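My notes follow the order in which I checked things.

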Amino acid sequence: MTVTEEEATEPELEVVGRAEADESSAHMSQERTIELLLERSKRPTRTVPIRRDFIQVGRAPNTAPGALRSLVASRRERSLDLYLLVAAVTSGSDYSVTDWSSTWARTIGIFDEKTGASAVSRAWKALKDLDLIATARGKGRRTTVIKRLEDGSGPYVPPVSGEPYLQLPFEYWEHGLHASLSLPGKAMYLVALAQRRPSKGPSFPLVHARISQWYGLAEKTVASGITDLIDNGVLEQTGFEVYETLAVRTGRASRPLYSLREPFHHRGLPIPAPKDSSE
């Protein structure tokens, strides 16, 4: 039987209390904590649906950067890490999850309880300031985190058919991308997951200036994020495409195409791209 923090037994408490125990032996590992949280989610698709509103609100031509821009600009990597996990594990009528701060701290690699509680509290505050979550006092000195809509406009409801959303695969955590990717890499992975062009196959362009304009990310963030994804085996360049544009004298220009490598590729339903995403 898997023992969770809710089912802590006396022997576990004795291990925590041993003077000779170091942090790694006295606490569940970061990887195992995340694994148990994902198992508890019981998502049959093993993906996390996240509305496109998280990275871009509105519909073309009236769009604006979403909450992702704020998290990246303020370098709130831990807030992004916790948000993605909350998105994965919340379910039920109120889309909430209740755990100790020490549980969440372990998912971001912090094992000291005092330091972890402070870091998690700051992360929750950043997410609450964006109206992405709400919190309440939970049972047994735990905190209840309630997921809200990705644009912060109200209580959470699942995406419906025809609504643009991306699907973050569990392999993001299982293959350690949450630890190996930089903040720009994580941001660009979410952006790449939103670049669906079903009629043109799995490849898509990632034009730095366009991505910066649509999602509010600095062009250097876009560039370093793409490099990070390639270096970590998530993204690969698949060729070039020629397109028509009045921005050059000939009216025809070329740009690189990319695709996501398995098992980090697109899943599920087609996701409509912005109307000007191929320009």
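This is a predicted model: local features need pLDDT of at least 70, side-chain atom pairs count only at pLDDT 80 or more; totals for chains, interfaces and linings use all residues.

Entry 1: I began with strand β1, residues 47-51. All 5 of its 5 residues are buried, so the rest of the structure largely encloses β1. I then checked each face. T47, P49 and R51 are buried on one side, and V48 and I50 are buried on the other. In a regular strand, side chains alternate between the two faces of the sheet. Next I looked for the partner of β1. Strand β7, residues 165-169, runs antiparallel to β1, and 5 bridges join the two.

**Entry 2: the open sheet.** Which order do the strands take? I read β4-β6-β5, an open sheet of 3 strands with antiparallel pairing. β4 and β5 (133-137) are the edges; each has a single partner strand, so one side of each lacks a neighbour in the sheet. Neighbouring strands are turned by 25° against each other on average, direction ignored. β4 is joined to β6 (residues 143-147) by 4 bridges. In that pairing, S96 has I146 in β6 as its bridge partner. Helix α7, residues 113-129, packs on this sheet and touches β5 and β6. The direction of α7 makes about 130° with that of β5.

**Entry 3: two packed helices.** I turned to α3 (residues 30-41) and α5 (residues 77-89). Their axes lie 8 Å apart, at an angle of about 35°. On the α3 side I found I34, L37, L38 and S41; they meet L85, A88 and V89 of α5. By class, this contact has 6 nonpolar residues, 1 polar and no charged ones.

**Entry 4: the core.** Which residues touch the most other members of the largest nonpolar core? Of its 63 residues, they are F54, W104, L168 and W173. Helix α5 gives the largest share of this core, 9 residues. Beyond its neighbours within four places in sequence, W104 contacts residues including L37, L85 and V89. Residues L37, L85 and V89 also sit in the contact of α3 with α5.

Entry 5: I checked helix α10, residues 183-193, and found 11 of its 11 residues buried. K186 is one of them. Last, I looked at S91, in the loop between α5 and β4. Its relative accessibility is 39%, so S91 counts as partly exposed. K147 is 56 residues from S91 in sequence, yet their C-alpha atoms are 8.9 Å apart.

Key
Residues are numbered from 1 along each chain as its sequence is written. Side-chain values use heavy atoms; hydrogens and water are left out. Buried means under 20% relative accessible area, exposed over 50%, partly exposed in between (1.4 Å probe, protein chains only). Two strands pair if DSSP finds at least two bridges between them. Axes are lines fitted to C-alpha atoms, for helices over the stretch in contact, and angles run from 0 to 180 degrees between N-to-C directions. Contact means heavy atoms within 4.5 Å. Ala, Val, Leu, Ile, Met, Phe, Trp, Tyr, Cys and Pro count as nonpolar, Asp, Glu, Lys and Arg as charged, and the others, Gly among them, as polar. A nonpolar core is a set of buried Ala, Val, Leu, Ile, Met, Phe, Trp, Tyr and Cys residues joined through side-chain atoms within 4.5 Å.
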